[in-house]
Amino acid sequence: MIKRAVRYVDERSGGAPFIRKTLRYVFPDHWSFLLGEVALYAFVVLVATGIYLTLFFDPSLTQVHYHGGYVPLQGRTMSAAYKSAVDLSFKVKAGLLMRQTHHWAADVFVAAIILHLIRIFFTGAFRKPRDLTYYIGLTMLLLALLEGYLGYSMVDDLLSGMGLAIGYAVLMSIPFVGANLAQLIWGDPYPGRHEFESRMYVGHVFLLPIIIGTLIALHLTLVASRHHTQFAGRRKTERKVVGVPTFPGQTPRSLGLAFSVAAVLFLLGGLVQINPIWEWGPYHVASATNGAQPDWYLGWLIGALRLVPSFDLTIGHYTLVPNAFWGGAAFPLFVFFLMFLWPSLERRATGDYGFHNLLDRPRDAPWRSALGAAILTWIFLVFVVGSADRVYVLFGLSYRGQIWAMRFLVWIIPIAVGVITKRVCDELRAGEKIEARRHAAEAEVVA
Amino acid sequence: MKRFLATVLVLLFGRLRRRPRLERERIVGTNPPDSRAQMLVFWLFLAAAVCGVAFPVVYAVNAIPHQTQFLGLSLGLCLAFIALACMVMSRSLVPVEEIEEDYPPSSHPEEQEKVEQIVDESGDRITRRRLFVVGLGAAGTALGVALLTPLASLGPVFDVSSFFRTPWRRGVRLVGEDGSAFRAADIEEGTFYTAFPEHADREQMGAPLVIVRLPVGELRLPPERKGWAPDGILAYSKICTHAGCAIALYRKPTFAPTEPRPALVCPCHYSTFDPSRAGKVIFGPAGRPLPQLPLLIDRRGELRAAGNFSGAVGPSWWGVRNRQPRS
């Protein structure tokens, strides 16, 4: 049976040598190497549930009246898009399960990418020959953020509209060209032409998924052609990679992980409510709600928008830099710019232009770890500010007090974290040296 | 019945007796078989099958309450049991082995040189390279521009006049969400109202207003806006000048020591505007005051616009301070 299948494939594709090699491809073993896989499986769930949703969603801003089964919305004016999203939640059997699973999968997708990125950064896995793989990964993160934003924006519930208004304002705030770009994308001043909904839709269900899918393929091809990185160990050197073969060793592991990810996502989708759009209601330009929070991966932008003090940079009547630019555009662009630049910055700073198949432990590169920890803390603190109003509601800490304190703390705490990380790394390394010396001395005594 | 039982027993306890194969060197490492793990995997797969079957049952039987929850539970558990079976397999059923392989060579200098040579020699016949590059560059750029041109149809690129257009002009009546007019006498202190221009599209940033009433003595409007707030009734654009959200909060201090003055607050980033001082920003990120709409009270005691806004509405952009809004 197996023999016949293999012969069939080989005689038609000539692929037997390739298959044999693939089956015995080496996967170094460490739990943190699986984070990227989690993102991959979340993407698969996203595509599957997403296709199902497109079978029911109507991307149209035509205004209709609701006369469905959900009583609080009876008779309300809303877009066909919002109505179809409510209907596919209530009327379509399994529709709500699919919608919620899709939403959870998006949140997990971005989270897995970011954890994967953090692992890659602190172990120096982005160094040559894998810097290109790293750039592709970063690009996917950027696209994933945009993809998620479009996804919850096109539903046209109240939170969608508020998010879009903010996105529009951030685009408008780009110096010299912002208003022109915004008019190009929206087709008109906000809320734009009806076609804007189709533009979001084609982006969300067609363009971005295809680009992300293509980049995933490229990413994995590059990973495989250069082989995985590994931590140094017995027999594990710059020249030799040691680990479990694809088949049989890695296959049940990866499948187990894939099914686990899918299981968690469907359990979340069925049991834990997310984005109950019927509670927000349809969006109208004149409505907004208090206590709105975006999906978690955009929280850092809300935080940054809130932190910037009140000013537009102007020259006479000309508005050079509108306020929303700093938090909404300059901040994330700077972060991504820095991440894209990091491999070459580090090469230049350390003078290390060599190939690296062995990973650093974070302590092995104290400066990288210190700066990385500082930047991560900086972003995290800004992210926390995005929930300052919730913190006020939950803990009674004055909102204005929090904002004023954080305007300083987002600079001070990261520096402190950086200094501490550097110290910890240095101490750990010093400790290892002492340990090694003691072992050597003991060996001498025994001898 | 007997045969059925026998089948089940064989399935559960029978061990596959492998046919003796030709002696050959193993590629895959080997460990002794683990019959407990095999049983475990079987039961896990069985549990997955049960959960999988539950899904269509839950789907089909309308009498089952909490359908979404049970659908998620059955599908999720089905997947979870398969995942567990895979994990047991990876730990106890497949050979545990550690293999090694050489990393691929870091580069192939000879091949690199060959590639370079091929490209180099292929261009031998072009002797006037600069001319060629200039021509190619011109054609490429032109083609790029030509292909991008249709994108300009997406929206007006250079004409920014529509950012200054609002549906307000002198005499337009203010109406509420239900379309009824606002009588000045009905506007109370300590709350705010949302108003729209009568007979106009409400889904544009220039349309919605917030209306508040303050004691006339507390108003600190600049002298050129004298008369914009008849009887202390003030109208501002409802769209925040920071990021375009609707201003949906009115801070009206009920207890004296907390916050001294009433303020309009945007719930997105908490830009806070002082309605008594012409919409001045007193906290938060907004960089421009809220545009104010001059009001008048007509003979029937209803509110009408007395002109257009004091400045452009909506979030800031490069030209937002250049012009006054038009109807």
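**Figure 1. The two domains of chain B in the predicted model.** The C-alpha centres of domain 1 and domain 2 of chain B lie 51 Å apart. Domain 1 of chain B covers 31–95 + 117–154, and domain 2 covers 162–322; such bounds come from an automatic or database domain assignment. Residues are numbered from 1 along each chain as its sequence is written, and chains are lettered from A and ligands numbered from 1 in the order in which they are written. Since this is a predicted model, local features need pLDDT of at least 70, side-chain atom pairs count only at pLDDT 80 or more, and totals for chains, interfaces and linings use all residues, while side-chain values use heavy atoms, with hydrogens and water left out.

**Figure 2. The interface of chain A and chain B.** Here 90 residues of chain A are in contact (heavy atoms within 4.5 Å) with 84 residues of chain B. The two chains bury about 7,200 Å² between them, 61% of it on carbon and sulfur atoms; buried area is the accessible area (1.4 Å probe) that two parts lose on being put together, summed over both.

**Figure 3. A salt bridge between the chains.** Lys240(A) and Asp102(B) meet through their side chains in a salt bridge of 2.6 Å, N to O. The term requires a side-chain nitrogen of Lys or Arg within 4 Å of a carboxyl oxygen of Asp or Glu. Five salt bridges are counted between chain A and chain B. On the side of chain A that touches chain B, helix α10 (residues 246–271) gives the most, with 15 residues. Helices (H or I, at least four residues) and strands (E, at least two) are DSSP runs, numbered from the N terminus.

Figure 4. Strand β5 (residues 240–245) of chain A pairs with strand β1 (residues 99–102) of chain B in the antiparallel sense, over four bridges. Pairing requires that DSSP finds at least two bridges between two strands. Gly243(A) stands opposite Ile99(B).

**Figure 5. An open sheet in chain B.** Five strands of chain B form this sheet, in the order β2-β3-β4-β5-β10 with antiparallel pairing. Its edge strands are β2 (174–175) and β10 (292–293), each pairing on one side only. Strands β4 (residues 209–213) and β5 (residues 233–237) of chain B are joined by five bridges, and Val212(B) stands opposite Leu234(B).

**Figure 6. A hairpin in chain A.** Strands β6 (residues 313–315) and β7 (residues 318–321) of chain A pair in the antiparallel sense over three bridges. Ile315(A) has Tyr318(A) as its bridge partner. Two residues lie between the strands, and Gly316(A) takes a positive phi near 60° in this hairpin.
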